[in-house]
Amino acid sequence: MTIRDRALPALSLLCLILFSGGASAEGQPGVADRHGAWRACLHRNFALQVALSSRVIAADSALRACRPSEQAYLAALSTSPLVDGDDVARVRPALILRAKGWLLDGGASRPL
Amino acid sequence: MRYGISQRFPTLKGRLAALGGVVLLAGLTLAPGAGAQTLASLPTVPSTITAGAPARAIAAWVDFCQSYTAECAVDTAEPAQITLTPATWNTIVSVNRRVNKSLRAVTDMEHLNVADRWDLAEDGSGDCEDFQLLKRKFLAEAGLPRRAMRMTVVIDEKGEGHAVLTLITDRGDLVLDNKTSAVLPWRQTGYTFIKRESQSTVGWVSLGRATSPVTTANR
């Protein structure tokens, strides 16, 4: 087996990872991907923090820790066809409140 | 094999007339079948979304309004609210269901290679806003006041912008959606409401921080 023989499947796998999973046509993560990343970050951080503090404090802490992924999501959302930057700025408090509610109820009653 | 409406009815007028005929026929013959959902099942206490300040219009909507002026016109002499009767309710449920079943859902990028375009799904395919615009056209033709049927932008369960049609009724604000054929009170959609067409002028108004608390349309 040559290096090329092994490289080809690896390259295929890399392409599959890079170009699949709901990424936009340009290969950039789409709004849903960014939203999913924010949600995953919140979930992960909340799970860590809740072992050390109350649920409310853990939720606030997770929201703070995940600010970069939140900003990435909101930036993507603001460039999507139906929503602009003004809309995002106006609705952000509602989205944060929703995210907090989602963390506090464990995602039982509604998705983020 | 896809066999769209466009292949069977080559002209726009023919396609819309055919689809309208199907919808009307469905309304006349299948209305009881739409009966999984009844007027009585709506909440007894009407809930409405509070509209706020003017909001920036969507670029593709502006283009749509230039091509389909009558679809965007606001007649302030029309009632601002739909009075729901069993007959009106059956028409709404039937149109919603038939349009959802008749059109093929496809993104504008896949369909037309553009990010966003609003139209009446003349070729039998379209994305979320096209479904709702066609529903409004049929409902207006059935006699419902266009002014009480407002295109609305929400954030959906995937965190993306999504277009639905809000019917402002005496039983509260109801949402028509291409993701579900259930006609839902806005609070039951689970969506975050962003903005909708104004009822007083050709433009959009913000819906502030309106977030519906319960999610049922998780598709």
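How many helices and how many strands does the secondary structure of chain A come to? Chain A has five helices and zero strands. Chain B has seven helices and nine strands. The model is predicted. The points below take each chain in turn, then the contact and the core.

**Chain A overall**

- From the N terminus on, the elements of chain A read α-α-α-α-α.
- Chain A has 112 residues, and buried residues make up 29% of them.
- Take the contacts in chain A between residues at least 6 apart in sequence: 45% of these join residues at least 24 apart.

**Two helices that cross in chain A**

- Helix H3 of chain A covers residues 55–65, and its axis comes within 10 Å of the axis of H5(A).
- These two axes cross at roughly 135°.
- The crossing of H3(A) and H5(A) is right-handed.
- From H3(A), the residues that meet H5(A) are Arg55(A), Ala59(A), Ala62(A) and Leu63(A).
- From H5(A), their partners are Ile96(A), Ala99(A), Lys100(A), Leu103(A) and Leu104(A).
- By class, this contact has seven nonpolar, no polar and two charged residues.

**Chain B overall**

- Chain B has 219 residues, and 46% of them count as buried.
- Among contacts in chain B with a separation of 6 or more, 68% are between residues 24 or more positions apart.

**Two helices that cross in chain B**

- The axes of helix H5 (residues 86–102) and helix H7 (residues 128–141) of chain B come within 10 Å.
- They cross at roughly 140°, which makes H5(B) oblique to H7(B).
- H5(B) and H7(B) also form a right-handed crossing.
- H5(B) brings Thr91(B), Ile92(B), Val95(B), Asn96(B), Val99(B) and Asn100(B) to the contact.
- H7(B) brings Phe131(B), Leu134(B), Lys135(B), Phe138(B) and Leu139(B).
- The classes here are seven nonpolar, three polar and one charged.

- Where does Asp119(B) sit? Its place is in the loop between helix H6 (108–112) and strand S3 (125–126) of chain B.
- Is Asp119(B) buried or exposed? A residue is buried if 20 or more other C-beta atoms lie within 10 Å of its own. Asp119(B) has 21, so Asp119(B) is buried.
- Beyond residues up to four places away in sequence, Asp119(B) touches Phe64(B), Gly126(B) and Asp130(B).
- Ala60(B) is 59 residues from Asp119(B) along the chain, and their C-alpha atoms are separated by 9.2 Å.

**Where chain A touches chain B**

- The contact takes 21 residues from chain A and 24 residues from chain B.
- On the chain A side, helix H2 (31–49), helix H4 (67–78) and helix H5 (85–104) each supply at least two residues.
- Which helix gives the largest share of that side? H5(A) does, with eight residues.
- The chain A side divides into 13 nonpolar, two polar and six charged residues.

**The nonpolar core**

- The largest nonpolar core has 65 residues.
- Leu42(A), Leu167(B) and Ile194(B) touch the most other members of this core.
- Leaving aside neighbours within four places in sequence, Leu42(A) is in contact with Ala62(A), Leu63(A), Cys66(A), Ala99(A) and Leu103(A).
- Among these partners, Ala62(A) and Leu63(A) lie in H3(A), while Ala99(A) and Leu103(A) lie in H5(A).

How values were computed. Residues numbered from 1 in each chain as written. Chains lettered and ligands numbered in written order. Predicted model: local features only at pLDDT ≥ 70, side-chain atom pairs only at ≥ 80, totals over all residues. Contact = placed C-beta atoms within 7 Å. Helix = DSSP H or I, 4+ residues; strand = E, 2+ residues; numbered from the N terminus. Nonpolar A, V, L, I, M, F, W, Y, C, P; charged D, E, K, R; others polar. Axes fitted to C-alpha atoms, helices over the stretch in contact; angles between N-to-C directions. Parallel < 35°, antiparallel > 145°, perpendicular 65-115°, else oblique. Left-handed = near helix turned anticlockwise from the far one by under 90°. Core = buried A, V, L, I, M, F, W, Y, C linked by C-beta atoms within 7 Å. Buried ≥ 20, exposed ≤ 12 C-beta atoms within 10 Å, placed from the backbone.
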